[in-house]
Amino acid sequence: MLDGDQKIINSAISGKASAFGLLYDKYHAQIYRFIYLKVSHREEAEDLTHQVFLNAWQNIKKYEFKGFPFSSWLYQIARNQVIDHYRTKKSNIDIEDIKEIKNDDDTLDNQVNRNYEIEKVKNVIQNLNPEHQDIIIMKFVEELTSQEISKILNKPQSTIRVIQHRAVKNLRNMLKKENKNGQKKQIK
Amino acid sequence: MTEKNLQILKNLKSIKPDRGYAERSKMLILATPQNSREKVSYFNNFFELLRFSVALGLGSFLIIGLLGGISYINKNFSPLGLEGLNQKSLSVEAEDINHSIQITMEEIKYLDQTNQKVIRTMNEVSKNKPIYSNVSSTISADIESSSTEDISAFLIKDPALNLNNATGTIDEMLDKLAN
C-alpha cells in the first residue's frame, strides 16, 4: 500500500468524510464486482456493496494497518455480507444483467461473443462453492496476491494454494461441460 | 487453467457498477454519522451503571412515597374516615337501634296483651255480677283515666261489701267478688 493511501486512511479514521470518499472511489468497483460475481444479481450486488462501505465507514476506527492493503479489510466485510445474504436469500442467476458489460472499442460481433463467454463463466462461477468462488474471483479477476487472499480468507497461504488448485480444476471441468452443451445445442 | 479461460476471467474485470448508483451510495454513506468510539471504557460503564442505579432507586422511592401518602390521606382525611360516617360503626348503631325498637315493640305487645286480659276479665265480672256492669263499660269507655277520683268511680259499690269497714286489699275484694 502506498504511503499516500495510509495518510488518507488515517484521515478517514480521524473522521474526515472526504478522505473516506477517496477510499470509496478507489475500491468501490472491485468490491462491487466481487459481490456481483457471487450473487449474480445487479440490485442485490448494489445493496450489498452499499452495506459493505457503510459498515466500513462506521467502523473504520477499528481498522489497524497490519501490512496489508485497505482492500483486504473491505473484502473481509464483503465476504461476511455475502454469507449473511446467502443465509437469508437464495441468489438467482440473472441473464439480463449481461447488458451492462460493454466495451465500446469492440465490434458488435466481438461484443456479443465476449458477452456470451462472460455469461458462461459467470454461470460456472455461480455453481462453484463459496470458497472456490472467492479464490477464483480474487486471484484471476481482481489479481490479488496469495498473501492478500490468505489475509482475507484468514487461512494459511499453503491452504489457499490447495483450495485454488481445486477451484481451478472444478472451473475447468464445468467450462468443458458448458462448451459441450453449447456445441450440442448448435448441432440441433 | 487455459489461456483462453484466464483471458475470459480477466474480461470479467470489465464489470462495473452504475455511476449514478455509485454516486448516490457514496453521498448516503458519507452523510451517515460514524459510530462513537466502541472501545470499552470501564470508567464510563461504571458511571452509566451508577446513574441507572440512582435513577432506579429514586423512582422506587417516589412510588413507595406516593403510595404511602395516598394511604395516609385516605385514612385520615377521606370523608369515609370520619367517625360519624364510618360504615362499620353506622351498621353497629343501626343494629342497636333495631334491637331497642324490637324490645320496645315486644313491651308494647306485652302491655297490649295484658290490657286485653284485664278488659276480658272485667267483662266477665260484669256478666256474672250485673250490678257491676257499669264498671266494664266505664273501663272500656274511659281507659285513659288515671286520677284517684276517677279510680273511685271504678270501685265496686256492693252493699255486701262495706268498703269503709274493709280490712283487706283490693285484690282480696276482687277475689271475693269473683267467688
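In this predicted model, the largest nonpolar core has 47 residues. Those with the most contacts inside the core are A:L23, A:I31, A:I35, A:L74 and A:A78. Eight helices of chain A each supply at least two core residues: α1 (3-13), α2 (17-39), α3 (42-58), α4 (70-88), α5 (108-127), α6 (130-141), α7 (146-153) and α8 (157-187). The most comes from α2(A), which gives 11 residues. Domain 1 (1-92) and domain 2 (128-188) of chain A both contribute, so the core lies between them. The surroundings of A:L23 can be listed in detail. Beyond its neighbours within four places in sequence, A:L23 contacts A:I8, A:I9, A:A12 and A:F70.

Chain A is built from eight helices and has zero strands. Its pattern along the sequence is accordingly written α-α-α-α-α-α-α-α. Of the 188 residues in chain A, 31% are buried. Contacts were also sorted by sequence separation. Among contacts in chain A with a separation of 6 or more, 64% join residues 24 or more positions apart.

Two residues of chain A stand out in backbone geometry. Most residues other than glycine have a negative phi. A:S40 is not a glycine, yet its phi is positive, at about 60°. This serine sits in the loop between α2 and α3 of chain A. A:E143 counts as exposed because it has 12 C-beta neighbours inside 10 Å, and the exposed class covers 12 or fewer.

The contact between the chains involves 23 residues of chain B and 31 residues of chain A. On the chain B side, the elements giving two or more residues are α1 (3-11) and α2 (19-31). By class, this side of chain B comprises 11 nonpolar, seven polar and five charged residues.

Another helix of chain B was examined for its length. Helix α4 of chain B covers residues 87-128, 42 residues in all. At 1.5 Å a residue, α4(B) should span 62 Å.

Methods. Residues are numbered from 1 along each chain as its sequence is written. Chains are lettered from A and ligands numbered from 1 in the order in which they are written. This is a predicted model: local features need pLDDT of at least 70, side-chain atom pairs count only at pLDDT 80 or more; totals for chains, interfaces and linings use all residues. A nonpolar core is a set of buried Ala, Val, Leu, Ile, Met, Phe, Trp, Tyr and Cys residues joined through C-beta atoms within 7 Å. A residue is buried if 20 or more other C-beta atoms lie within 10 Å of its own, exposed if 12 or fewer, and partly exposed in between; C-beta atoms are placed from the backbone. Helices (H or I, at least four residues) and strands (E, at least two) are DSSP runs, numbered from the N terminus. Domain bounds come from an automatic or database domain assignment. Two residues are in contact if their C-beta atoms, placed from the backbone, lie within 7 Å. Ala, Val, Leu, Ile, Met, Phe, Trp, Tyr, Cys and Pro count as nonpolar, Asp, Glu, Lys and Arg as charged, and the others, Gly among them, as polar. The expected span of a helix is 1.5 Å times one less than its number of residues.
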